[in-house]
Amino acid sequence: MTEALLFELSKPGRRGVPLPEADVPAVPIPAELCRDTLDLPEVAERDVVKHFTRLSHLNYAIDLGLYPLGSCTMKYNPRINEDAARQPGFASLHPYQPAETAQGALELLHELQGMLAEISGFDAVTLQPAAGAHGELTGILIARAYHQSRGDTARTKVIVPDSAHGTNPATAAMAGFQVVTVPSDERGNVDLARLRELAGPDTAAMMITNPNTLGLYDEGASEICAIIHAAGGLVYNDGANFNAILGVVKPGAIGFDIMHYNVHKTFSTPHGGGGPGAGPVGVKAFLAPFLPTPVVAREDGPDGPVYRLEPAPETIGKLHAFWGNFGVLVRAYTYILSNGTGLRSVSEHAVLNANYLRARLTDLYEDPLRDRRNMHEFVLSGVRQKRRGVRTLDIAKRLIDLGFYPPTIYFPLIVEEALLIEPTETESLETLDEFVAAMRQIAREAEEDPELVKRAPQHAPVKRLDEATAARRPNLRWQPAGQAEAVAAGD
Ligand SMILES: Cc1ncc(COP(=O)(O)O)c(C=O)c1O
């Protein structure tokens, strides 16, 4: 089925909004500011509502079902977060408002800085970065500024494990460092012997995702920190997988110097399609002077606390307009407060759910890390199904037919035909069992009727896409008839 585009519903003369008569004299608009070539759809309000409602029904969403997208923590977003973010005192604030008139908002930011620091074992936090990857860049720029402040300019390399999320080496390269890859050992941990060889006077930092993208807690985490520190480098923890260890491990306490939090994952603020999000960064006290400016500070005056925006003394600069993505931060604050000390049980249930799914699937799908207990996500491999001609991509497409958003596939890169599955703590036993039933059905179909799996999805509004062309030559803009064909032909 092809959905009509709004432009194609256009009929000359139809209007969605009747404009009132002008109550000021008409003034001629300079000709250079006008154009008559702009094609705008002429549609009634009814058509617009029908059109967008119909489109929304074609979407799969976290509010419709399981979203087991490993490495992305797509958990249910409690509605209380939305209530808090919509409070007029927050939602109607203007970013240029003087700090004296925005004390409540600044108090919230200050408290959130403190909560994140407490949960993770760091001393100071910036809330400015707008996403995890943005937090990574912030953290690595802080590491660079720290070495430069000591005149230690020979540190040109950042060590990254081969299981790293792609944003880690990309960040290091973007900040001007050379990326050095350290392999994983047979248990999925960083190979410590190799790390000892690689760490040296040219090491600026090591970036490590812990728990890593195999869903494993690195058994050598403290030792990794000790090795890098002995070489004079800093250790960066990519905290995107913090959902696995809330209330259990404080990365700052075991030796990490810098960490970002994906609050739009761990602390349940809606995300997807590029944002908005927030990627606050925590640092140890000796790195606090380098934080982005401004930081929210509190001073206890005679009439109670006063909150101010202050520059950090050796700041790396500003990384986001105003105070960061404030609405996202309000949601994260609400989530942390509403869970309180129950944050630990968030992680315990996330880990339990992932281990339950894994235990129910490993008789039919290859389990590359049989000897290890996983954390909040786990990797299966579709190599057994591949022998029947069914690839992991086909398994993912068949899951769409069976009513599920597919897990992450072909990542991490070090596992052949990988499926990275993260159910999160917010799914019930019934939902997990339905997912197990779907995955078991697909494994059976791969044996008995591989073509059925390879033809999937049959019941989705969009069938198989030409993914290579979509990635290499994306065509995201509607064009009038004739022009679209010209774009597709590369003219
Ligand atoms: C391990 C890891 N690090 C970093 C990121 C980047 O986070 P963001 O998408 O918010 O930029 C992700 C996102 O999926 C991730 O899984």
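Predicted model: local features only at pLDDT ≥ 70, side-chain atom pairs only at ≥ 80, totals over all residues.
Colleague: How many residues does domain 1 bring to the contact with domain 2?

Modeller: The domain assignment of the protein gives domain 1 as 80-341 and domain 2 as 345-468, and their centres, taken over C-alpha atoms, are separated by 31 Å. In the contact between them, domain 2 takes part with 16 residues, and domain 1 with 19 residues.

Colleague: On the side of domain 1 that touches domain 2, how many residues are charged?

Modeller: That side of domain 1 divides by class into eight nonpolar and nine polar residues, and the charged ones number two.

Colleague: How many polar residues are in the shell around the ligand?

Modeller: The ligand is surrounded by 15 residues, with Ala131, Gly132, Ala133, His165 and Ala240 the closest. By class, the shell has four nonpolar residues and one charged residue, while the polar residues number ten.

Colleague: Is threonine 315 buried, partly exposed or exposed?

Modeller: Threonine 315 is found in the loop between β9 (304-310) and α10 (326-339). A residue counts as buried if 20 or more other C-beta atoms lie within 10 Å of its own, and as exposed if 12 or fewer do. Threonine 315 has 19 such atoms within 10 Å, and therefore it is partly exposed.

Colleague: How far apart in space are threonine 315 and proline 289?

Modeller: Leaving aside residues up to four places away in sequence, threonine 315 touches Phe290, Leu291, Pro292 and Thr293. Proline 289 is 26 residues from threonine 315 in sequence, and in space the two are apart, C-alpha to C-alpha, by 6.2 Å.

Terms used. Residues numbered from 1 in each chain as written. Near = placed C-beta within 6 Å. Nonpolar A, V, L, I, M, F, W, Y, C, P; charged D, E, K, R; others polar. Helix = DSSP H or I, 4+ residues; strand = E, 2+ residues; numbered from the N terminus. Contact = placed C-beta atoms within 7 Å. Domains from an automatic or database assignment.
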